[in-house]
Amino acid sequence: QLNTSQFSIRENLNFPYLISTINATDLDGDTIEFSLITFSTESECILSCGLQCQNYYFVPEDSFLFYVTGNSGEFYSNSTFDREMRDNFLFLFTASDGINNTTILCASLTVSDENDNPPIPLQTEYYIGVFENTLTGEFLTPQAVDNDADRNSELLWVIKTVSPSFLGFQIHPMLGILTLIELLDRETVSEYTINITVSDNGISPLQASIVVYVNVRDINDNAPVFSSDSTDRTINL
């Protein structure tokens with residue numbers, strides 16, 4: 001049966017970083033020497049670690065990323081990792097008694113996420129028209145992406161300010177859907193500026209800003225009115 005093991009390391013850590021210590025015993029009491037072997041190709045990996053290699057990719061430069069101390073089995077990183085560039089590795093440990101017995105251990109390493117990417121709006125400004133005196137409900141859904149993982153990629157939306165002040169705009173905190181819940185009156189205010197903040201759900205949240213410019217479109221809701229100088233005029237015949 002193939003021996004396997006799993007390790008993890010956080011992205012952005014300085015190196016060298018002690019990831020773990022590899023342990024092995026020899027009943028003969030011989031001194032054990034450890035080594036680490038990386039693979040340049042998938043087919044090379046399959047010879048030692050089987051079909052699990054199909055879930056990884058390999059480049060010759062992997063040989064510079066890790067090392068193990070020969071006599072103590074201390075397993076170190078030799079590089080800083082960026083999870084958004086690559087999030088897993090597969091390699092081989094060997095334990096040898098220096099005579100004629102060698103045991104192999106197929107090991108995988110996962111790079112865990114740090115909240116190092118802010119949300120990226122697909123647009124930072126939106127221009128939209130909304131008719132007055134109409135409860136349009138949902139009228140815009142701004143879009144943003146976050147390249148981190150898990151909770152660090154979850155987006156939270158909030159309206160920071162509306163100018164001029166108006167409480168009739170709401171935004172869904174998880175989905176970012178903008179909704180109009182009060183009637184607009186173009187004859188009172190013809191334009192609004194909505195400042196939106198989208199942040200991630202990391203422990204130390206990162207954020208970005210979006211501005212929505214709302215033009216209140218006119219509908220024919222006012223009848224003609226005689227001016228005062230017309231109604232007050234007296235005509236003598």
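Me: What is the relative accessible area of Glu114, and how should I read that value?

Reply: Glu114 has a relative accessible area of 30%, and is therefore partly exposed, since that class lies between the limits of under 20% for buried and over 50% for exposed. Please keep in mind throughout that this is a predicted model.

Me: Which side chain does Glu114 meet in a salt bridge?

Reply: The partner of Glu114 is Arg10, with 3.4 Å from N to O. Because Glu114 belongs to the loop between strand S7 (102-112) and strand S8 (120-121), while Arg10 belongs to strand S1 (residues 4-10), the pair ties together parts that are 104 residues apart in sequence. Arg10, for its part, is partly exposed, with a relative accessible area of 40%.

Me: How many salt bridges does a search of the whole structure find, and which residue forms one with Arg86?

Reply: The search finds 6 salt bridges, and in one of them Arg86 is joined to Asp62, where the closest N and O atoms are 2.8 Å apart. Arg86 is in the loop between strand S5 (74-77) and strand S6 (88-96), and Asp62 in the loop between helix H1 (42-49) and strand S4 (66-68), so this pair ties together parts that are 24 residues apart in sequence. Both residues count as buried, Arg86 at 11% relative accessibility and Asp62 with a relative accessible area of 5%. Arg86 also has a ring to consider, for its charged end sits over the ring of Tyr57, 4.4 Å from the centre of that ring.

Me: Which residues are linked in a network of salt bridges?

Reply: The network links Arg83, Glu84 and Asp113. Within it, the side chains of Glu84 and Arg83 meet at 3.1 Å, N to O; Glu84 counts as partly exposed at 25% relative accessibility, whereas Arg83 is buried, with a relative accessible area of 15%.

Me: How many aromatic pairs does the structure hold, and by what is such a pair described?

Reply: A pair of aromatic rings is described by the distance of the centres and the angle of the planes. The structure holds 17 aromatic pairs. In one of them the rings of Tyr67 and Tyr76 have their centres 5.2 Å apart and their planes at 15 degrees, so the pair is stacked, the cut-off for that term being under 30 degrees. Tyr67 is partly exposed, with a relative accessible area of 32%, while Tyr76 counts as buried at 17% relative accessibility. Tyr127 and Tyr213 are likewise stacked, at 4.8 Å centre to centre and 15 degrees between the planes.

Me: Where do Tyr127 and Tyr213 lie, and in what order do the strands of their sheet follow one another?

Reply: Tyr127 lies in strand S9 (residues 125-131) and Tyr213 in strand S16 (residues 207-217), so the pair ties together parts that are 86 residues apart in sequence. The open sheet is formed by 4 strands in the order S9-S16-S15-S12, with mixed pairing. S9 and strand S12 (155-163) stand at the edges with a single partner strand each, so one side of each is left without a neighbour in the sheet. S9 and S16 run parallel and are joined by 7 bridges, and Tyr127 stands opposite Tyr213 in S16. Tyr127 is exposed, with a relative accessible area of 62%, whereas Tyr213 is partly exposed, at 28%.

Note on methods. Residues numbered from 1 in each chain as written. Predicted model: local features only at pLDDT ≥ 70, side-chain atom pairs only at ≥ 80, totals over all residues. Heavy atoms only, no water. Phe/Tyr/Trp six-rings, centres within 6.5 Å; stacked < 30°, edge-to-face > 60°. Buried < 20%, exposed > 50% of the residue type's maximum accessible area, 1.4 Å probe, protein only. Helix = DSSP H or I, 4+ residues; strand = E, 2+ residues; numbered from the N terminus. Lys NZ or Arg CZ within 6 Å of the ring centre and 35° of its normal. Pairing = 2+ DSSP bridges. Salt bridge = Lys/Arg side-chain N within 4 Å of Asp/Glu carboxyl O.
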